[in-house]
Amino acid sequence: MNPALTEFILDHEPAVRMGFFFGILAIMAAWEFMAPRRELSQPKAARWANNLAIVFLNSLLLRLLFPLGAVSMALFAYNHEWGFFNYFHVPQAVAVMASVVAMDFAIYLQHVIFHAVPVLRRLHRVHHADLDFDVTTGARFHPIEIILSIILKFAIILVLGAPVLAVMIFEILLSTASMFNHSNVRMPRALDRFLRSIVVTPDMHRVHHSIQDHETNSNFGFNLSWWDRLFGTYRDQPEHGHRKMIIGIREFRQPRQADRLWGMLTIPFTGKVTGYAINRRRWNSSK
């Protein structure tokens, strides 16, 4: 591992990640303004204020609970020769590429599990309850889900022995890809077809936010689109088209429940989780 590169990443990682976050947010927001895919059902200002408020809350909470972060965990694993790539001294380039792909697959599996296990689905409802679908939806998660996700991420880094550079790349991909594929943007169909052969596009992921059970239990990928195709969870288009499909969850249709900060924080503790368990997916529906 290159000591100079490692030192640079450790010193500048927060600033680089923040730069990518706000840069992609600005780009996608401008694209949404110039070429929206759907008309929004709720006032954008209020939704954005509350969605970004939960992002700020989550960031503050993670900084307090896990001040060292995922990159430092990768350095810890390297220094102690923990994890597959460190133990077997796999070449750096191979370890970086394999780690990024492996962590991408792990996030896919995590997403599936958060739909399949009822108690985890309660947490994940916060993400799906958004009444609209735009760039801020990609960063909207309940604090408890965020905490569980970073603990899982730490475990994956330790098992893999993921290099510091791989974790840095993955952390950037995690936020930028999520904002991209949650954006309310219109792109040429040919471009969408080309891109989704490799990565998850907004049209591909929007299906996952449908109110219909069999549609929301599909297209779990966050960056690479391969996993949904390999494991049979891919759905090409929503049954009623992107403009007419309904976004959200049946139980949470009022803005004060779905799009206000206090409502988002209390969603996991409200009502019952019914009709969304992945083992009740309607496999006979057309893909």
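Reader: Leaving aside its neighbours within four places in sequence, which residues is Ser 99 in contact with?
Author: This is a predicted model, in which local features need pLDDT of at least 70 and side-chain atom pairs count only at pLDDT 80 or more, while totals for chains, interfaces and linings use all residues. Residues are numbered from 1 along each chain as its sequence is written, and side-chain values use heavy atoms, with hydrogens and water left out. With contact taken as heavy atoms within 4.5 Å, Ser 99 is in contact with Phe 85, Leu 160, Ala 162, Pro 163 and Ala 166, its neighbours within four places in sequence being left aside. Ser 99 is found in helix 5; helices (H or I, at least four residues) are DSSP runs, numbered from the N terminus.

Reader: Why does Ser 99 count as buried?
Author: Buried means under 20% relative accessible area, exposed over 50%, and partly exposed in between (1.4 Å probe, protein chains only). Ser 99 has 0% relative accessibility and therefore counts as buried.

Reader: What makes Glu 81 partly exposed, and why does His 89 count as exposed?
Author: Glu 81 counts as partly exposed because its relative accessibility is 42%. His 89, at 55%, therefore counts as exposed. Glu 81 is found in the loop between helix 3 and helix 4 and has a positive phi of about 55°, although it is not a glycine. His 89 is found in the loop between helix 4 and helix 5; its phi is positive, about 50°, and it is not a glycine either.

Reader: What makes a set of residues a nonpolar core, and which members of the largest one touch the most others?
Author: A nonpolar core is a set of buried Ala, Val, Leu, Ile, Met, Phe, Trp, Tyr and Cys residues joined through side-chain atoms within 4.5 Å. The largest has 23 residues, of which Met 103, Ile 157, Leu 160, Ala 162, Val 164 and Val 167 touch the most other members. At least two residues of this core come from each of helix 3 (69-79), helix 5 (92-116), helix 7 (143-160) and helix 8 (164-181). Helix 8 gives the most, with six residues. Not counting residues up to four places away in sequence, Met 103 touches Ile 156, Ile 157, Leu 160, Ala 162, Ala 166, Val 167 and Phe 170.

Reader: How is the packing of helix 6 and helix 7 described?
Author: Two packed helices are described by the angle between their axes and the distance between the axes. Helix 6 (residues 118-128) and helix 7 pack at about 115°, with axes 8 Å apart. The axes are lines fitted to C-alpha atoms, for helices over the stretch in contact, and angles run from 0 to 180 degrees between N-to-C directions. Leu 120, Leu 123 and His 124 in helix 6 meet Ile 144, Glu 145 and Leu 148 in helix 7.
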